[in-house]
Amino acid sequence: MATLPDSLFGEPSAAERTTAPKSNTSHPPNSDLNKVSIEKLILALHNAHTRERALQLLSQNRSRSDDLAVLIWHSFGTMFTLLKEIMEIYPSLSKPDLTERASIRVCNALALLQCVASHPETRVPFMKAKIPLYLYPFLNTTIKEKPHEYLRLTSLGVIGALVKVDDKEVIYFLLKTEIVPYCLRCMDVGKGLSKTKILMDEEGLRYCCLVADRFFAITSALETMMEKISEEPSQRLLKHIVRCYLKLSESPRACPGLAKLLPRMLNDSAFTDLLRDDPTVMSSFQQLLRNVHENRLRENEDEYGTPKTDDSLKLSVRLIFFHRLLLCYFFNSLLSTERRGISS
């Protein structure tokens, strides 16, 4: 820390103030950032006076080092420092007066956690240490102010980094720790895009459709998001909603219920127009409609595969009635024959 320029993060020392030229800011211009190594920035996290600036610079310059995640994970006390930053803001989550500066500071810490969560060498240790649990309070907030929304979205970014790679162990961990209710809360409360990729995994889909309450909670949240799109059109959000509905339609357990709960708004031209520019999403939307339609046809078939149309039902009733009428005529004839025999 002795080699780290004091003026880079905090106020200059007394000696520097007397010798250094006057400047309008206590921070150096962006051209000076490359002069500070990633290692020194990580060291600066351990000093309370330089921590905020170090968080900002590391978050802004994550692409400078491919090994940043490894350095953060293995350097002594760095993960503890990041978690300390996160936990110190917990008491403010229930207050609407959370400042934007405090929120951004924690978001910078979360961005570094996202870096650790996305690195192949640190992803599994990150999960096994149960670090994602520290993010759940941010996902559980119901206040819609911008500072709270920043924390929600950045926390979802960390979860998204974990599930970006198809790792069954990661998905199982998230499901076991009940991530789905928190994601649903973000869908209902948040103003931005919720990460719903957990539905894209087979294990995640099975979990969501195993119990009726979970399925109805998810479809209800998706429908709420559709209503929000009708007020504020968002092609990106609609794209993810369609993908979620498509994945649900591929589940034998979910599709019958989805056929009855699919929002009629999806057939509105205002929504389909948002998808026309993206052929992939449009194809997913058409496949969703096909899956639902085919399920309805299967439900309307009897055990022999014959469609249960109104005409076929009427015909079946007539045949049954005619069959019973023949039986009655047969028994009446039999009784008449027996009576004639007895009388003779």
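Which residues of helix α11 (residues 168-176) are buried? Select the helix and pick out Val170, Ile171, Phe173, Leu174 and Leu175: those are the ones. Keep in mind as you look around that this is a predicted model.

Now step just past the end of α11 and click on Glu178. Its phi is positive here, at about 60°.

Next stop: aromatic rings. The structure holds one aromatic pair. To see it, select Tyr90 and Phe138, whose ring centres are 5.8 Å apart. Their planes meet at 65°, and planes over 60 degrees apart count as edge-to-face, so that is what this pair is. In general, a pair of aromatic rings is described by the distance of the centres and the angle of the planes.

Tyr90 is in the loop between α6 (78-87) and α7 (100-118), while Phe138 belongs to helix α9 (residues 136-139), so the pair ties together parts that are 48 residues apart in sequence.

For the last stop, select Glu223, Glu227, Glu231 and Glu232. What do these residues form on the surface? They gather there in a patch of negative charge. Click on Glu227, which lies in helix α14 (residues 212-231). Is Glu227 buried or partly exposed? With a relative accessible area of 40%, Glu227 is partly exposed.

Technical notes
Residues numbered from 1 in each chain as written. Predicted model: local features only at pLDDT ≥ 70, side-chain atom pairs only at ≥ 80, totals over all residues. Heavy atoms only, no water. Patch = residues over 30% accessible without salt bridge, like charges linked within 9 Å, V, L, I, M, F, W, Y side chains within 5 Å. Areas by Shrake-Rupley, 256 points an atom, 1.4 Å probe, with all protein chains shown as cover. Salt bridge = Lys/Arg side-chain N within 4 Å of Asp/Glu carboxyl O. Lys, Arg positive; Asp, Glu negative; His and termini not counted. Charge placed at Lys NZ, Arg CZ, Asp CG, Glu CD. Helix = DSSP H or I, 4+ residues; strand = E, 2+ residues; numbered from the N terminus. Buried < 20%, exposed > 50% of the residue type's maximum accessible area, 1.4 Å probe, protein only. Phe/Tyr/Trp six-rings, centres within 6.5 Å; stacked < 30°, edge-to-face > 60°.
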